[in-house]
Amino acid sequence: MIRAGYELTDVQKAITDFLRYKVANSGAPWSSWTVVEGWPDQTVFANFTRLFLYSHTPLWVGEDIQQGGKGLRRLEMTIGGWSCIAAGGAEEAAIALSQLLSLFSDPAVNVAAFNSVIGGTAYTAKTLPQLGININDVTNPRAIEFRDEDDFRGEVSLQITC
Amino acid sequence: MFSVEFDTSGLKTTFDRANIEAMKGAIAAVKFGVEELMKAATRNLMGVAHPPGTKSPYPGKLPVTRISRELSKSMKYHFFNPISAIVYSDLRSANYAAYVHDGTRKMKARPFLKNAVSERQQAILNRMRYETLKRVGR
């Protein structure tokens, strides 16, 4: 379960574990990708031959007001796919962008069970809502290309309540 | 001969007035939105100043540290019409804005504009609703 006071890191960890589950249990193109938690470090780029999915730390954007109780926190989290020429270039990044949009706009995202470790506690076959996370929407899809840096990316923003 | 005549000119006048007031509300809300985004984005670019060639005191975090201040000065806005505007970083002033915003292999992203939108979008939408209802409700 998401812990009070650790929402940002816990949500990031749970979503990353969900992406890892998706990569490990799906066919192409997911099966040819990897997942990195947070911003990639130099070790990722040292052996960069496959597109990887990465996640920004969620941003706290507000809190729902609820009379007589604590309201739900609203977070926004950016996730994306990072490609280079060796990993398929702009085309692979565009595929990752559309796959992420498709995955998170499907209501099935909230009923898929996966394994996660949050705050040292292992959770087996839990869905995102069971962990205290609801994906409400996926917005702001955009392609980022820095051809001089051999960077091709596709990013989406997840609207989350927890 | 029996006939019924409908005169809805009064209703049309009421609708026309409501449309005009709604438009005034939208204009005020867009102006507020541009001001809020400019303020929030500029605030995200007003980090600690440090000399050229030295390391950032807190790399990869917002607010972006300042060396030349060109990035904060590059924040601009433009009204296409009274109800449509854009807030942007002018690449002619700071051609590295996109690298700072979206990050590179060697530099973590610091999305100064995207985060400004995320932080202020609810306030802007609330103001839009308030400005419109306040005027149309009269």
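Reader: Is the crossing of α1(B) and α4(B) left-handed or right-handed?
Author: In this predicted model, helix α1 of chain B, residues 9-43, packs against helix α4 of chain B, residues 112-136, with the two axes 8 Å apart. The handedness computed for the crossing of α1(B) and α4(B) is right-handed.

Reader: Which word describes the direction of α1(B) relative to α4(B), roughly parallel or roughly antiparallel?
Author: The two helices, α1 and α4 of chain B, pack at an angle of about 155 degrees. Angles over 145 degrees count as roughly antiparallel, and therefore α1(B) is, relative to α4(B), roughly antiparallel.

Reader: How many nonpolar residues does the contact of α1(B) with α4(B) have?
Author: Sorted by class, the contact of α1(B) with α4(B) includes nine charged residues and three polar ones. The remaining class in that contact, the nonpolar one, has 17 residues.

Reader: What distance does helix α1 of chain A reach from its first C-alpha to its last?
Author: Helix α1 of chain A covers residues 7-24, which is 18 residues, and at 1.5 Å a residue the expected value is 26 Å.

Reader: Which strand supplies the largest share of the side of chain A that touches chain B?
Author: In the contact between the chains, 11 residues of chain A meet 10 residues of chain B. On the chain A side, β3 (59-63) and β7 (134-146) each supply at least two residues. The largest share, three residues, comes from β3(A).

Methods:
Residues are numbered from 1 along each chain as its sequence is written. Chains are lettered from A and ligands numbered from 1 in the order in which they are written. This is a predicted model: local features need pLDDT of at least 70, side-chain atom pairs count only at pLDDT 80 or more; totals for chains, interfaces and linings use all residues. Two residues are in contact if their C-beta atoms, placed from the backbone, lie within 7 Å. Helices (H or I, at least four residues) and strands (E, at least two) are DSSP runs, numbered from the N terminus. The expected span of a helix is 1.5 Å times one less than its number of residues. Axes are lines fitted to C-alpha atoms, for helices over the stretch in contact, and angles run from 0 to 180 degrees between N-to-C directions. Angles under 35 degrees count as roughly parallel, over 145 as roughly antiparallel, 65 to 115 as roughly perpendicular and the rest as oblique. A crossing is left-handed if the near helix is turned anticlockwise from the far one by less than a right angle, and right-handed if clockwise. Ala, Val, Leu, Ile, Met, Phe, Trp, Tyr, Cys and Pro count as nonpolar, Asp, Glu, Lys and Arg as charged, and the others, Gly among them, as polar.
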